[in-house]
Amino acid sequence: MPGISELRAWWAGWPPAAGAAVMATGIVSMGLHLSGDETLSRVVLVMAAIAWVALAADFVMRLATDRPRWLADAATPGALMAVAATTVLGTQLSMLGWETLAAALLALSALLWPGLLVYVMRHWARRMPGSVFLCCVATQGLAVLGATLAAAVETAWLAHTAMVLFWLGLVLYGLALLRFDLRQVLEGAGDQWIAGGALAISALAGARLIAAGDGSMYLWNLDDRGVLRDVTAALLALNLAAYVVLLVAEAVRPRLRYDLRRWATVFPMGMTAAATLSVSAAMDAPWLRVPGQVLVWVGVAAWLATAVGALRTARAGGGPG
């Protein structure tokens with residue numbers, strides 16, 4: 001087992017992209033919850049919460065003690081994982097009925113989102129890895145949490161704000177796609193999957209908005225609801241198509257060595273499962289439930305494989321990836 005000093009050195013080497021581990025763990029917990037595996041879901045949720053607290057403490061410590069490095073890290077797309085991870089955790093807490101804590105996480109993520117988004121986009125390059133889609137993921141994460149919380153506490157303005165963020169997230173996806181280096185599909189070390197994960201969280205946001213409108217609040221007229229349903233269905237179809245393309249690319253050019261960016265593979269896998277199950281429920285499409293449940297366990301298997309790789313790296317005293 002590595003010593004305390006070795007663990008500290010290993011942890012200190014983790015970049016902002018380490019937030020993908022929290023995102024992946026949180027979404028696996030959500031997928032298990034949606035598929036009915038509540039006990040295991042809560043165990044995984046505790047792990048995600050512990051990791052989130054550790055990363056939040058590291059975020060604050062670096063801001064207070066190493067401002068130049070913090071600013072350098074904040075310019076990378078991985079910085080937006082702080083927002084995305086917070087919204088994923090908050091959404092799961094809201095689904096469990098812990099609205100006050102979920103609202104606090106929504107407020108925190110909303111506070112971080114605009115500044116980080118603008119700062120990251122100012123540093124975009126011409127050809128970028130899959131992490132460029134985190135601008136969409138973070139925005140749609142706010143939409144998902146906002147819509148989920150709005151339905152729970154029956155707050156119409158929050159649902160309408162979530163709708164605005166939903167459409168903004170789709171615009172940001174298009175902008176990111178223009179910057180994405182398509183060669184990463186075959187060459188990426190794991191974060192190329194975020195291209196599909198951004199579609200998945202967009203579909204999840206759509207499903208949450210539909211569900212919010214089915215409650216006691218009057219949110220959308222028939223035309224708006226019809227457009228939202230059509231767009232959500234199209235997003236899920238595109239997400240599943242991207243999932244297949246990325247799987248085929250992995251088979252054509254296997255990349256089996258552990259890399260920190262593999263957590264950014266687990267997240268889209270888990271998010272696709274959660275989106276499929278949520279769309280199934282929101283759009284009364286029970287035939288999607290079985291595929292969604294299968295995808296949940298594919299995500300769990302990917303999470304376990306990545307966790308084993310991370311532990312082996314830590315025991316060997318190597319860097320995070």
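Buried means under 20% relative accessible area, exposed means over 50%, and partly exposed lies in between, with a 1.4 Å probe and protein chains only. Keep that scale at hand for this tour.

The model is predicted: local features need pLDDT of at least 70, side-chain atom pairs count only at pLDDT 80 or more, and totals for chains, interfaces and linings use all residues. Numbering runs from 1 along each chain as its sequence is written, and side-chain values use heavy atoms, with hydrogens and water left out.

**Stop one: T87**

Select T87. It sits in helix 5, residues 81-95. Helices here are DSSP runs of H or I with at least four residues, numbered from the N terminus. T87 is buried, because its relative accessible area is 1%. Now show its contacts, meaning heavy atoms within 4.5 Å. Leaving aside residues up to four places away in sequence, T87 touches S109, G141, L142 and L145. Then look at A84: its backbone oxygen lies 2.8 Å from a polar atom of the T87 side chain. For scale, draw a C-alpha to C-alpha line from T87 to R126: 28 Å in space, 39 residues in sequence.

**Stop two: the core**

Select F133, V137, W263 and F267. These residues have the most contacts inside the largest nonpolar core, which has 107 residues. Next, colour helix 10, residues 194-213; this helix gives the most to the core, with 13 residues. A nonpolar core is a set of buried Ala, Val, Leu, Ile, Met, Phe, Trp, Tyr and Cys residues joined through side-chain atoms within 4.5 Å.

**Stop three: T306**

Go to helix 13, residues 289-315, and pick T306. T306 counts as buried, because its relative accessibility is 8%. Its partners, not counting residues up to four places away in sequence, are Y258, R262, W263 and V266.

**Stop four: the surface**

Select L40, V43, M47 and W297. Together they form a nonpolar surface patch with about 360 Å² of accessible area. Helix 3, residues 38-65, supplies the largest share, three residues. L40 lies in helix 3. L40 is partly exposed, because its relative accessible area is 37%. Patch residues have over 30% relative accessible area and no salt bridge, and nonpolar side chains (Val, Leu, Ile, Met, Phe, Trp, Tyr) are joined within 5 Å. A salt bridge puts a side-chain nitrogen of Lys or Arg within 4 Å of a carboxyl oxygen of Asp or Glu.

**Stop five: two loops**

Pick E154, in the loop between helix 7 (134-153) and helix 8 (156-179). Its phi is near 55°, a positive value in a residue other than glycine. Finish at D284, in the loop between helix 12 (263-282) and helix 13. D284 is not a glycine, yet has a positive phi of about 50°. D284 counts as exposed, because its relative accessibility is 66%.

Methods
Polar contact = N/O pair within 3.5 Å; in protein donor to acceptor, adjacent residues only side chain to side chain. Patch = residues over 30% accessible without salt bridge, like charges linked within 9 Å, V, L, I, M, F, W, Y side chains within 5 Å. Areas by Shrake-Rupley, 256 points an atom, 1.4 Å probe, with all protein chains shown as cover.
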